[in-house]
Each structure stands twice: as C-alpha cells, then as structure tokens.
Amino acid sequence: MTKHPHQHSVTPRHLRLIARGDGFTVISTGRRRQGLKDIYARLLGASWKKIIVIMAGVYLFINVLFALAYLAIGNGIDNAHKGSFADAFFFSVQTIATIGYGSLTPHGLVANLLVTLESMFGFAFYAVVTGLVFSKFSRPTARILFSDKAVITNHNGKRHFMLRLANERDNRIVDASAKLTLMRDEKSTEGTLMRRFYDLPLVRREIPILRLTWTVMHAIDEHSPLYGMTPEKITESEAEVIISITGIDETLSHTIHARHSYIGQEIICDAAFGDILIRRDDYVLEVRYDRFHQLKTKK
C-alpha cells in the first residue's frame with residue numbers, strides 16, 4: 001500500500017497468483033509432461049490467435065507431408081506437371097478437403113492408398129477443429145471490469161478495504177456472489193516460510209442482480225487479517241488480495257466466474273473511488289465507465 005500517487009500502471013515486485021498483463025512467470029521443472037494426452041485442454045485454454053496459428057500450421061504440415069509423398073511415388077497424379085510440388089500440394093489440399101475438382105486425379109494403387117490415408121487424416125483434423133471451435137465459442141465467459149486499484153479508507157467511521165467492479169455486458173448477472181481472500185508469506189515457529197490464505201469477510205457478499213457497479217467492502221477490525229498491517233508489512237509479506245466473482249449470466253443461463261487480484265503497490269491508502277453514476281434530468285441513469293478507475297483524495 002502506498003499513499004495516493006494516481007498511478008495508472010504499476011510494475012509488480014513479485015509474482016502474483018492471478019496474472020495481469022504486467023508479467024507473471026512460472027517455470028516448471030521436474031514435472032512429468034502429459035504431451036498429447038492433454039493437448040485438447042491446453043488448446044481450449046489458449047487464445048484465439050494461438051489456436052488459429054497452430055491449426056494453420058498443422059493444416060499446412062499435413063498437406064506438405066502428403067505432397068512430398070505424392071512426389072516420391074513418381075507418376076502418382078494424372079494431369080500434374082512432372083515433379084511439380086505445387087500440383088502435388090494443391091492436389092493434397094483438394095483431397096483432404098474432399099473437394100475433388102476432377103482435373104487432378106490419383107494414378108495407380110499406391111497413389112490411391114495415399115489418398116485414402118489422407119482422407120482419414122482430413123476427417124480427423126476437421127472433427128478436432130470443429131469440436132475445438134464449438135467448445136471455444138460455447139464456453140461461458142464473464143466480462144467483469146475490476147478497478148485498477150483497491151483502496152483502504154474510512155467508511156462509517158471504520159477502516160475498510162474496497163474495490164469496485166462492474167458488468168461490462170449490457171445484460172444482467174443474477175445471484176452474483178463475491179469472495180475475498182488474502183494470500184501472504186508467513187514463517188512458522190520452526191522458521192519455515194509458507195504461503196498462507198485467509199478469508200476476508202465482506203460487508204455484503206451477495207447481490208441479487210449485477211447490472212451496474214458493485215463496491216466490494218471488507219471491514220478491517222481486530223478480527224481482520226489486515227488489522228494492524230502497515231504498508232511496509234504488506235509489501236514485505238508479498239501479500240495479494242484475490243477477489244472471486246460467480247453468478248448466472250441471464251442471457252446464457254450459465255454460471256460464470258471471474259477473478260482479479262491486488263498486490264501491495266495497487267492498494268491505495270486514504271483514497272476513494274470517483275463518482276460514475278449520474279442521474280440526469282430526463283430520469284436516465286448515466287454510467288461513466290471512462291471514470292471507472294479514477295480515484296479522489298478522501299477528505
């Protein structure tokens with residue numbers, strides 16, 4: 001926690017459990033790799049850009065491999081130029097996609113066997129791609145906007161930890177619930193350094209409908225794990241406050257999840273969130289998302 005600097009980007013000094021776009025590196029050693037056993041789950045969790053690059057690479061590799069096989073058997077494609085890799089490649093493309101224009105046809109037993117094998121590869125490839133794309137599109141995802149910073153400030157005469165969130169979609173999240181967890185390093189009586197988790201009770205942990213914004217608050221009293229923690233202690237203990245949101249998307253009728261976290265440099269003392277809800281004269285409630293991350297000094 002630092003005093004109120006109004007910073008927009010902070011470079012963390014330590015690793016965080018909930019990654020942002022500012023550097024989260026974990027290098028696993030000594031773990032048995034699953035290889036192809038877990039490739040579908042790994043692809044499902046990858047970005048669209050990565051999936052497109054991988055699928056395009058696999059598609060080109062298959063066609064290049066079979067094009068070389070057609071060239072290796074010699075005169076295996078009728079109406080193709082002798083030794084033409086382009087003709088063999090595009091014949092492979094037509095075969096794996098079951099297009100069959102008719103200008104290029106297999107010649108001989110070996111070529112027909114290769115066509116049969118490639119057709120089997122094609123069916124398997126397109127089945128995997130179709131399943132992957134469908135699963136990727138149909139996965140329920142949340143579009144929850146979290147404030148860049150969390151604050152610790154007075155509310156009704158007591159110190160509170162606060163953060164702000166909002167539903168970025170125009171629909172509603174029904175029966176939304178929040179959970180706040182503190183994670184920090186602690187030493188046992190034997191001197192062993194351990195990563196400990198503590199639940200932070202909320203002033204309100206559930207709301208019936210999340211349509212606009214929600215300020216999640218935790219009262220810092222003598223029972224709170226944050227009680228008596230100075231900014232120096234929070235930074236030294238590598239503390240990270242994790243917020244988890246669950247609810248039912250009213251449009252998709254699926255349970256959705258979202259999470260975010262704040263480290264010491266992203267927790268601001270004695271500040272408050274700026275007003276973003278404006279009641280207009282025409283009885284319209286305006287939500288200023290361009291001010292969502294703005295903080296103001298608490299008077």
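In which sense do strand β4 and strand β12 pair, and over how many bridges? In this predicted model, strand β4, which spans residues 150-155, pairs with strand β12, formed by residues 267-269, in the parallel sense and over three bridges. Within this pairing, I152 is placed opposite C269 of β12. Strand β4 is also joined to strand β5, comprising residues 158-167, but here the two strands run antiparallel and are connected by five bridges. In that arrangement N154 faces R159 of β5.

Of its 299 residues, 37% are buried, and among the contacts with a separation of 6 or more, 67% are made by residues 24 or more positions apart. The accessible surface of the chain amounts to about 18,500 Å², and carbon and sulfur atoms account for 58% of this area.

One part of that surface is a nonpolar patch of about 410 Å², to which W48, I52, V133 and F137 contribute. Helices α2 (48-72) and α4 (109-138) each provide at least two residues of the patch. V133 is found in α4, and with a relative accessible area of 30% this residue is classed as partly exposed.

Turning to charged side chains, 10 salt bridges were counted in the model. Side chains of opposite charge can pair when their charged atoms come close. A salt bridge joins E186 to R184, with an N to O distance of 2.9 Å, and R184, E186 and R196 are linked in a network of such bridges. R184 counts as buried because its relative accessibility is 12%, which lies under the 20% limit for that class.

A further salt bridge is formed by R195 and D185, whose closest N and O atoms are 2.8 Å apart. This pair links distant parts of the chain, since R195 lies in strand β7 and D185 in strand β6 (residues 173-187), 10 residues apart. Both partners are partly exposed, R195 having a relative accessible area of 29% and D185 one of 23%.

In the salt bridge between D275 and K296, the closest N and O atoms are 3.9 Å apart. D275 is situated in the loop between β13 (271-273) and β14 (277-279), whereas K296 is in strand β16 (residues 295-297), and the pair therefore ties together parts that are 21 residues apart in sequence. D275 counts as exposed, at 55% relative accessibility, while K296, at 38%, counts as partly exposed.

Another loop, that between β7 (193-200) and β8 (206-210), contains R204. This residue is classed as exposed because its relative accessibility is 52%, a value to be set against the requirement of over 50% for that class. Although R204 and T215 are 11 residues apart along the chain, their C-alpha atoms are separated by 9.4 Å.

Key
Residues numbered from 1 in each chain as written. Predicted model: local features only at pLDDT ≥ 70, side-chain atom pairs only at ≥ 80, totals over all residues. Heavy atoms only, no water. Pairing = 2+ DSSP bridges. Helix = DSSP H or I, 4+ residues; strand = E, 2+ residues; numbered from the N terminus. Patch = residues over 30% accessible without salt bridge, like charges linked within 9 Å, V, L, I, M, F, W, Y side chains within 5 Å. Areas by Shrake-Rupley, 256 points an atom, 1.4 Å probe, with all protein chains shown as cover. Salt bridge = Lys/Arg side-chain N within 4 Å of Asp/Glu carboxyl O. Buried < 20%, exposed > 50% of the residue type's maximum accessible area, 1.4 Å probe, protein only. Contact = heavy atoms within 4.5 Å.
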